[in-house]
Amino acid sequence: MAAITVTPAVPAPASATAAPPSLSLPLPLLHSTVLGWYDAHARDLPWRTPEASPWAVMVSEFMLQQTPVKRVLPAYEAWLERWPTPADLAADAPGEAVRMWGRLGYPRRALRLHGAAVAITEQHGGLVPDDHATLLSLPGVGEYTAAAVASFAFRQRHVVLDTNVRRVFARAVTGVEYPAQATTAAERRTAAALLPDDAGTAATWAVGVMELGALVCTARGPECGGCPLFSHCAWQRAGCPPYEGPARRGQTYEGTDRQVRGKLLAVLRDAHGEVGQARLDAVWPDAVQRARALDGLVADGLVEPVEQGVYRLPQ
Ligand code: SF4
């Protein structure tokens, strides 16, 4: 059986003198290896059960984009208990979505999810569309979310590239420790070349590679000894060369405008009504940074000015 050689998604390190190794494994064997591992090791998550509706899958994908599973789980359960369908959420004010989002972070996702629920209710009969292009047309739904919902809710065949998948492919296929900062066309070609032909298998492959990246091929401490791809991984075969690309973005939070925005929004979430300037001023000592953060919240539609010095969540 011929082995597949996949075009590298990320250039080899500048110091490399020979062609980088690639994942030389027949595609059917690659698929069965990852799918077998997933079958044995997948976490039991509520959005992966057969009972999870397309709406539940969509909610999970919005929440999981920038938040770990552990923090998403209780928020996901509470969200679906309150709004089991898109129409339920659409009937509520966007500010309620922001309130329920709580401390998940990046709260614009709550507004976007509310916007998607309104569009689904008004334009699609209250049902999450099963067509990738229609999903992509919904507010707040980008390439990744459309592909993920189409794959995981409707078992379709799409390239699903999140940070975990990109990292696995960068290491196992291309032989570098980390992918480029932003997704490249070459990465999409690599992912497409590896996708199983059968739609249902492709959907499981997508979540299987994602799970491998989340549990084994992690960003800082890959557990290569327990990885099903260990003997075939291009990065391993190259001797685990260290990352040589541009500095990777950190996740600093303390002292940033993001932190101030979080504090301001927490006051508004807890208030259940209008809030005066004095209560907002109490959350952060730097008046310039505080004003900048509040202006940003207003510009993003997360906070509504009612009158001079009075604010509330959007109605
Ligand atoms: S062997 Fe290590 S680096 Fe390669 S795919 Fe597995 S966990 Fe990732």
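## The model and its chain

The structure is a predicted model, in which local features need pLDDT of at least 70 and side-chain atom pairs count only at pLDDT 80 or more, while totals for chains, interfaces and linings use all residues. Residues are numbered from 1 along each chain as its sequence is written, and side-chain values use heavy atoms, with hydrogens and water left out.

The protein chain has 15 helices and 3 strands, where helices (H or I, at least four residues) and strands (E, at least two) are DSSP runs numbered from the N terminus.

## The nonpolar core

In soluble globular proteins, nonpolar side chains tend to be buried together. A nonpolar core is taken here as a set of buried Ala, Val, Leu, Ile, Met, Phe, Trp, Tyr and Cys residues joined through side-chain atoms within 4.5 Å. The largest such core has 51 residues, and the members that touch the most other members are W55, M58, M63, W79 and L113. Two or more residues each come from helix 2 (54-64), helix 3 (69-82), helix 5 (94-101), helix 6, helix 8 (143-154), helix 13 and helix 15 (287-299), and helix 2 gives the most to this core, with 7 residues.

The ligand is surrounded by R171, A172, V216, C217, P222, C224, C227, F230, C233, W235 and Q236, each counted as near if one of its heavy atoms lies within 4 Å of the molecule. Helix 9 (163-174) and helix 12 (234-237) are the elements that give two or more residues to this shell. By class, the shell divides into 9 nonpolar, 1 polar and 1 charged, where Ala, Val, Leu, Ile, Met, Phe, Trp, Tyr, Cys and Pro count as nonpolar, Asp, Glu, Lys and Arg as charged, and the others, Gly among them, as polar.

The space taken by the ligand is the largest cavity, and a molecule is said to sit in a cavity or pocket if more than half of its atoms lie within 2 Å of its grid points. On a 1 Å grid over the protein atoms alone, a cavity is a set of points where a 1.4 Å probe fits but cannot get out, and a pocket is an open set with protein on both sides within 12 Å along at least five of seven lines, with lining residues having an atom within 4 Å of a point. The largest cavity holds about 110 Å³ of space, and of its 15 lining residues R171, C217, C224, C227 and C233 are the closest to its centre. Helix 9 gives the most to this lining, with 3 residues, and the lining as a whole has 12 nonpolar, 1 polar and 2 charged residues.

A search of the whole structure finds 4 cavities of 30 Å³ or more, a volume being the space filled by probe spheres set on grid points that are joined across faces, edges and corners. The second largest cavity, with a volume of about 80 Å³, is lined by H158, V159, V160, V165, F169, A191, L195, W205, A206 and V209. The largest share of this lining, 3 residues, comes from helix 11, and its residues divide into 9 nonpolar, 1 polar and no charged.

The second largest pocket contains about 460 Å³ of space. Its lining is made of 20 residues, of which G105, Y106, P107, R258 and G262 lie nearest its centre. Helix 13 (257-271) and helix 6 (108-123) each supply at least two of the lining residues, with helix 13 giving the most, 7 residues. This lining has 6 nonpolar, 6 polar and 8 charged residues.

## Two positive phi angles

Most residues other than glycine have a negative phi. C240, in the loop between helix 12 and helix 13, has a positive phi near 55°, and at 31% relative accessibility C240 counts as partly exposed. H272 also has a positive phi, of about 55°; H272 lies in the loop between helix 13 and strand 1 (275-276) and, at 61% relative accessibility, counts as exposed.

Terms used. Buried means under 20% relative accessible area, exposed over 50%, partly exposed in between (1.4 Å probe, protein chains only).
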